[in-house]
Amino acid sequence: MKLSLVNVFSKLGPIMKVLTLITFLLSLNLYSIEWVANEVYKGKPSTTAIAIDFDKDGKCEIVYYSAQKLYLVSNDGKQRRTIAEKVKFIHSAAGDMDGDGDIDYVGGLIGVGWLECPKDIWKDEWKLHWVSQELNGTHAVETIDMDNDGKMDVVANSFNPLGKYPHSICWFKNLGDGKWETYPIANKDAIGGSHYFKIFDLDGKKAMCAGAKGGKFPNGNYYALYKAEDSIYKPWKKSLLLSNQEGATNIFPADYDKDGKIDYAVANGHGIGVKLISGKDKSVSVIDPKMECPHCLDAGDLDGDGDIDLVTCGYQSKEVAWYENIGSGKFKKHSIKTDQAAYDIRLIDIDGDGLKDILVAGQRSNNVIWFKQKK
C-alpha cells in the first residue's frame, strides 16, 4: 500500500518533522530582507559615493562627488562639509595611502588623486595629492598593495586614444614621500570604452578582469581577462571572457557556484542585462535579462548564508535590486526600490550593526542614498 506524503510526515519523530519542515521552507526560497532608505543628499547628479569609517567610531561616513565638489556627510545626513572643490572624479576608492593608519580617499577622471584624511575630519583640511596626471579619461580606480611591500598602490585606466598611456590600464607603485612609478597592466590593449575592472588572484598569480563598452568607442563591447604571467611589472597577457556584449561595463569575479573556480558576474551598464560567466567552461547564464543600464555592480554575502550575492541599479530601469545566490550559479531577483537611478553602488556595513547595507550614487536621480538592512 502506498503512503501519502501526509502519512509519511505523520510517522516522523518530532525532530525529523522540524528538520523536514525547515528543508521544505528553504526549498521554497522565501528569504527576504527589509530595507530602510536613508537619503543623505538631494540636488544634482552624483557619479560616485563611498562609505568609510574615517573617524574610527565604528560607523561609516560618506564621501560623494557632485558638481565638481567632494562632500563629506555623516550617514544620518546631519553633518556635512565640502572637502575639495574644482576636482573632476567619476569613481572612487579608499586606502591608507601614506601609511599613517588613517584611511584616505582616492578618486579619478581628470587625473588620479588622493585626499589625506586629517585628524579632525569635520574641521581640518583634506589635502589633495596627485598620483598621476598622465592618464586621459580615468573611469575606474582601485587601491591594492600590488607588490606586497606594505604600501597601498593604485590602479586606474585611461580609455581615450590620447596621452602617454592611451587605451591602457596602469598600476602605480607607491614609493612613499609622494612618489609613484607607473606600470601598464593593459598596455594599449584596453581598447573600446574601458570602464570598470577588478584585481584578484587567479591560479596563484595576479589577474584583472575588465569591461569595455562600444558605441562611439571602436572595438569595445567585451569583457576581458588580464593575467600576470611572468611579472606584475610587465604588461599582463590579455584574453577574452565574453564578446559582442552591447554596453559592457561592470564585472565582479568570485566563486559564485562554489566549484573552486572563479566565475565572473557582468553587467551591461550601457545596454541590457546581468549575466554570469562560468569559470569552469566560460558558459554564460542570464541572471537578469531585463535590467536596463545596470552601470554599477557589487558583490558580497548579503543574507549571511555563506555564498556571494549581487546588487545593482539600472539607471534606465530606475530600479535597485539584489540577486540572491540560490546555488549552482543561479540567482533570484529581489527589488529594493524603484524610481532610483545610479552610476555607482557599494555593498558595505554603514552603521556598524554587522549587516551589509547598500550605498547608491544617483546620477540621474540626483541624490545619494543608502539602504539599511534591518535585522
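Is Cys-117 buried or exposed? At 3% relative accessibility, Cys-117 counts as buried; buried means under 20% relative accessible area and exposed over 50%, with partly exposed in between, using a 1.4 Å probe and protein chains only.

The model is predicted, so local features need pLDDT of at least 70 and side-chain atom pairs count only at pLDDT 80 or more, while totals for chains, interfaces and linings use all residues. Residues are numbered from 1 along each chain as its sequence is written, and side-chain values use heavy atoms, with hydrogens and water left out.

**View 1. Cysteines without a disulfide.** A search of the whole structure finds zero disulfides, a disulfide being a pair of cysteine sulfur atoms within 2.5 Å. For Cys-117, the nearest cysteine sulfur belongs to Cys-60 and is 12 Å away. For Cys-313, the nearest cysteine sulfur is that of Cys-296, 5.3 Å away. Cys-313 has 0% relative accessibility and therefore counts as buried.

View 2. Strands are DSSP runs of E with at least two residues, numbered from the N terminus. Strand 3 (residues 61-66) and strand 4 run antiparallel and are joined by six bridges; two strands pair if DSSP finds at least two bridges between them. Ser-66 stands opposite Lys-69. Two residues lie between strand 3 and strand 4 in their hairpin, and Ala-67 in the turn has a positive phi of about 55°. Strand 4 is also joined to strand 5 (residues 80-85), by five bridges in an antiparallel arrangement, with Arg-81 as the bridge partner of Leu-72. This hairpin has five residues between the strands, and Gly-77 takes a positive phi near 80°. Five of the six residues of strand 4 (residues 69-74) are buried, so the strand is largely enclosed by the rest of the structure.

View 3. Four strands in the order 10-11-12-13 make an open sheet with antiparallel pairing. Strand 10 (141-144) and strand 13 (179-186) are the edge strands, each pairing on one side only. Strand 12 (residues 168-176) pairs with strand 13 over seven bridges.

View 4. Eight bridges link strand 24 (residues 319-327) to strand 25, where Ser-335 stands opposite Ala-321.
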